Amino acid sequence: MNTLRLQFRFLVPLVLTLVAAAYLALPLLDSVTLRWFSRDLTLRGALVTNTLSDSLAAALQEGGDLRLQGLFIRAVQDERLVAVGLCKLNGELLQRSAAYPMDLGCAHARELFAEVVPKLPLAGGMVHVGVHPVMVEGSHQADLVLLHDLSFVERRSQDTQKYLIAFMAALGVIIALITVVVAQLSWRGWVSGARALLRGEGLVTPLLNQRELAPLAADFRERLRDLEDAYRRSLDREDHWDPERLRALLRSQLRGDELIVVSNREPYIHEKGDGGVVCKRPASGLVTAVEPVMRACSGTWIAHGSGGADRQVVDRQDRVMVPPGSDEYTLRRIWLTPEEEQGYYYGFANEGLWPLCHVAHVRPVFRESDWEAYRRVNERFADAVVAEARSEDPVVLVQDYHFALLPALIRKRLPRATILTFWHIPWPNPESFGICPWRNELLEGLLGSTIIGFHTRFHCKNFMETVDRNLEARIEVEHSTITSNKQTTLVESYPISIAWPDEAERAAWPSVADCRSAVRSRLGLPADHKLAVGVDRFDYTKGILERIHAVERMLEKHPDWVGRFSLLQVAAPSRSELDEYKLFQQRIRQVTERVNTRFGRPGCLAVYLLAEHHEHAAVNELYRAADVCVVTSLHDGMNLVCKEFIAARDDEQGVLLLSRFAGAAAELTEALIVNPYHVEESADALLKAITMPAPEQRERMGNLRITVRDYNVFRWAGRMLADAARWRLRERIEARMQRPSHD
């Protein structure tokens with residue numbers, strides 16, 4: 001039916017155009033026809049005059065008016081001849097028939113006859129005026145005026161119009177029928193070509209010329225991508241993103257489609273405490289970013305259940321509603337054996353991929369047994385996604401390097417799913433990634449995604465170059481797409497962020513003055529003591545060692561600050577089972593002890609190392625109490641500590657010292673940007689931070705707060721989900737075109 005409608009939309013205008021062309025041609029046709037008949041009547045008049053010449057000459061010689069009158073009466077008996085008049089050469093009307101008009105003189109008749117179409121309107125209709133010489137023995141004796149009836153010309157013109165319109169209509173119908181037949185025969189070819197356009201593949205249709213359709217395909221894809229880019233830029237220009245706007249985007253563009261998040265780390269951990277089961281929120285940048293999105297969008301979060309009391313709070317399907325007390329979304333827990341956790345998480349993910357991607361001067365370790373565990377766990381999470389999916393095309397957000405194989409596994413079982421994979425850590429250059437023995441399997445797994453997101457364009461570039469180096473794929477750099485195994489993947493940067501605190505949340509915070517007083521009182525420090533704070537996991541990529549070296553060098557160069565400045569380093573234990581992490585933690589403790597021995601004073605240490613987990617409220621208190629926040633990552637995807645510090649400083653005071661190797665450095669340009677490997681530069685920046693005047697702090701922090709507020713986590717999620725909505729629409733159009741036609 002759709003095919004016929006499309007054809008009729010073409011055929012009806014075609015027929016109407018032909019009919020209109022016929023009507024427009026009628027005036028020209030009438031003019032040409034009239035000229036033809038005028039020439040015929042002129043020739044006929046000359047013939048009549050020649051026939052009557054002898055009789056007229058005899059009547060003129062005899063002067064017989066009665067004889068002329070009888071001659072005229074017989075002549076006008078011709079049905080086409082209306083009237084006859086005889087004019088002398090001097091212009092006098094000598095004789096006329098009864099129907100000859102009284103006001104038509106000989107001179108006027110000669111003037112009319114000189115026109116292209118000599119015609120004269122009379123009461124009975126239009127007549128043709130002919131003036132013909134009467135010749136007697138070669139001598140011009142008089143002029144015979146003949147008035148011929150033109151009504152038959154009008155009748156024939158009307159008949160011609162009808163025939164012409166009928167002919168054009170019949171021609172239109174014949175053309176239409178031919179078009180319908182050709183369209184029906186070539187419809188499959190057009191559909192195949194359109195599918196190729198949508199998929200971005202080559203045109204291979206037997207009924208269509210590939211060279212003719214290829215420019216159309218390229219132009220179509222170019223215009224579509226221009227529109228997509230313009231739409232994405234319009235999203236970027238929007239200033240205010242919040243949970244309600246994110247929900248509205250889901251309702252309008254994803255129409256309430258199911259949302260599933262997959263990550264290794266769970267957003268809430270249940271542990272056994274003295275008073276029973278205690279629910280905690282783990283220290284994780286991923287959880288900080290994604291958990292507000294789930295609160296806004298609802299859905300299901302699938303994660304590894306690692307808490308000591310996790311099994312006690314789930315139902316028979318291993319589900320529990322979170323957050324506790326508000327029950328805004330479902331947490332589905334996956335249980336791993338100690339062997340699986342050791343191989344998949346500690347082994348392949350954190351001894352292999354983590355140092356590989358961070359280029360952190362720690363040798364990656366790849367074991368066959370770890371790879372097998374990694375592959376099996378990815379398959380188990382794929383099973384969980386399929387089990388939790390209530391539809392054939394859910395939106396699945398795959399989080400981080402623990403699940404590089406998962407997108408392709410989900411794609412195999414849910415081919416209509418929209419899969420967004422966000423890689424929270426850096427992506428190395430192709431040479432570094434080439435170390436991995438299973439690099440092709442990882443890349444193929446990731447390319448099962450609809451969209452792959454990184455923090456920066458630099459990481460996107462590294463990923464595309466890595467694919468280009470290792471796989472057979474079509475890469476369109478200008479549009480950031482990779483096509484492999486008939487699956488097109490968008491590779492895009494989405495700088496992650498945090499949820500900006502609302503007024504109610506800020507109202508519950510203790511004042512900055514109270515926070516400063518409380519923290520210094522716990523440490524036994526005076527009120528005017530300058531305090532820098534660092535908040536990290538105990539990880540060798542976070543630059544904790546370089547940070548302590550910078551503090552040591554600053555106190556060496558400026559001994560007047562000894563006893564007046566301290567670094568408070570919060571280092572939450574992480575991956576302590578791994579040898580590299582154990583050795584790193586031991587080294588940090590040793591260096592901290594050495595620096596405190598050199599520059600510590602009674603009641604005042606140079607470095608306070610708190611190697612324990614802190615709740616969000618406690619960390620927020622430290623942010624508000626500090627004069628400086630130090631983020632010196634050696635290589636980081638984004639690092640949300642700096643954004644959390646900025647959000648906490650509603651007094652617009654405090655200085656952010658930020659590594660140039662953190663993804664956040666591209667956005668937070670008002671921070672003091674340093675190279676953490678350059679100890680002198682970091683030490684000088686630290687001194688500048690603790691001596692910066694309050695007006696400069698206010699100006700810098702004000703601009704930083706505007707950036708973090710506007711580019712919050714809901715904008716990050718909104719851009720990804722809006723891109724997902726566009727790709728889902730494209731896939732649905734393609735699926736609709738692939739359905740067999742019943743027309």
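User: What do the numbering and the values rest on?
Analyst: Residues are numbered from 1 along each chain as its sequence is written, and side-chain values use heavy atoms, with hydrogens and water left out. Because the model is predicted, local features need pLDDT of at least 70 and side-chain atom pairs count only at pLDDT 80 or more, while totals for chains, interfaces and linings use all residues.

User: Why is α10 called oblique to α11?
Analyst: Helix α10 (residues 368-388) and helix α11 (residues 406-413) pack at an angle of about 40 degrees, and their axes are 9 Å apart. Angles under 35 degrees count as roughly parallel, over 145 as roughly antiparallel, 65 to 115 as roughly perpendicular and the rest as oblique. Therefore α10 is oblique to α11. Their crossing is right-handed.

User: Which residues of α10 and α11 meet?
Analyst: From α10 come N378, E379, F381, A382, D383, V385 and V386, and they meet L406, L409, I410 and R413 in α11. Contact means heavy atoms within 4.5 Å. By class, this contact has seven nonpolar, one polar and three charged residues.

User: What makes F454 and F463 a tilted aromatic pair?
Analyst: Rings of Phe, Tyr and Trp (its six-membered ring) pair if their centres lie within 6.5 Å; planes under 30 degrees apart count as stacked, over 60 as edge-to-face and the rest as tilted. The rings of F454 and F463 are 5.5 Å centre to centre, with 45 degrees between the planes, and so form a tilted pair. Both residues are buried.

User: What makes the pair of Y540 and Y581 tilted, and where do the two residues lie?
Analyst: Their rings are 5.1 Å centre to centre with 45 degrees between the planes, so the pair is tilted. Y540 is in the loop between β18 (530-537) and α17 (544-557), and Y581 is in helix α18 (residues 579-599), 41 residues apart.

User: How do you know whether Y540 and Y581 are buried or exposed?
Analyst: Buried means under 20% relative accessible area, exposed over 50%, partly exposed in between (1.4 Å probe, protein chains only). Y540 has 8% relative accessibility, so Y540 counts as buried. Y581, at 1%, therefore counts as buried too.

Terms used: Axes are lines fitted to C-alpha atoms, for helices over the stretch in contact, and angles run from 0 to 180 degrees between N-to-C directions. Helices (H or I, at least four residues) and strands (E, at least two) are DSSP runs, numbered from the N terminus. A crossing is left-handed if the near helix is turned anticlockwise from the far one by less than a right angle, and right-handed if clockwise. Ala, Val, Leu, Ile, Met, Phe, Trp, Tyr, Cys and Pro count as nonpolar, Asp, Glu, Lys and Arg as charged, and the others, Gly among them, as polar.
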